[in-house]
Amino acid sequence: DIITQIDASKGIDPKTGEAVNITPLFSKTDKAIYVVLTLKNPKVGTKFEYTRYLNGKFLDNGSLEMTKAATNNVSFNWALKKPGTFHLPGDYQVKVYTDGVFEKEINYKVQ
């Protein structure tokens, strides 16, 4: 496995990309929700994808590609961009894949 750990957090360290304020519980008004992948020896060009579910139903998906070697963390995030918007309350599940192969999943809750 390339993904050694997966965390849901309220922020990331700007220098290392590591998860900060790791939590399974978010408020619907939190500025951003991050899912941080801790990696072991990823190669440039490796593709990481997620599929996200809300209360058991498909919500969205996305991907990113490794652009530089020796990166130990990459993250997906869902940020509130406009005032007055909020994350939908409920139970979330995020499944992550490396080059199309399922590796790990994580659950978090928004209330």
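This is a predicted model: local features need pLDDT of at least 70, side-chain atom pairs count only at pLDDT 80 or more; totals for chains, interfaces and linings use all residues.
Let's start with the rings. The structure has 6 aromatic pairs. Take Tyr50 and Trp78. Their ring centres lie 5.1 Å apart, with the planes at 90°, so this pair is edge-to-face. The two residues come from distant parts of the chain, 28 residues apart. Tyr50 belongs to strand β5, residues 47–54. Trp78 belongs to strand β7, residues 73–79. Both Tyr50 and Trp78 are buried.

Next pair: Tyr97 and Phe102. Here the centres are 5.7 Å apart and the planes meet at 70°. The cut-off for edge-to-face is over 60 degrees, so this pair also gets that label. How do the two compare in accessibility? Tyr97 has 19% relative accessibility, so it counts as buried; the limit is under 20%. Phe102 has a relative accessible area of 41%, and is partly exposed.

There is also a cluster. Phe26, Tyr92 and Tyr108 form one aromatic cluster. Keep Tyr92 and Tyr108 in mind; both come back with Arg52.

Now charges over rings. Phe102 again: the charged end of Lys95 sits over its ring, 5.9 Å from the centre. Lys28 does this with Phe86. Its charged end sits over the Phe86 ring, 4.9 Å from the centre.

On to the sheet. Which strands form it, and in what order? There are 4 strands in an open sheet, ordered β2-β1-β4-β7, with antiparallel pairing. The edges are β2, residues 19–22, and β7. Each edge strand has a single partner, so one side of each has no neighbour in the sheet. From one strand to the next, the twist averages 35°.

Strand β4, residues 32–39, is joined to β7 by 7 bridges, and the two run antiparallel.

Last stop, Arg52. Is Arg52 buried or exposed? Buried, at a relative accessible area of 7%. What does Arg52 touch, beyond its neighbours within four places in sequence? The contacts include Lys57, Phe58, Leu59 and Asp60. Trp78 is in contact too, as are Tyr92, Gln93, Val94 and Tyr108. Tyr92 is 40 residues from Arg52 in sequence, yet their C-alpha atoms are 7.0 Å apart.

So much for the tour. Over to the group for discussion.

Notes: Residues are numbered from 1 along each chain as its sequence is written. Side-chain values use heavy atoms; hydrogens and water are left out. Rings of Phe, Tyr and Trp (its six-membered ring) pair if their centres lie within 6.5 Å; planes under 30 degrees apart count as stacked, over 60 as edge-to-face and the rest as tilted. Buried means under 20% relative accessible area, exposed over 50%, partly exposed in between (1.4 Å probe, protein chains only). A charge sits over a ring if NZ of Lys or CZ of Arg is within 6 Å of the ring centre and within 35 degrees of the ring normal. Two strands pair if DSSP finds at least two bridges between them. Axes are lines fitted to C-alpha atoms, for helices over the stretch in contact, and angles run from 0 to 180 degrees between N-to-C directions. Contact means heavy atoms within 4.5 Å.
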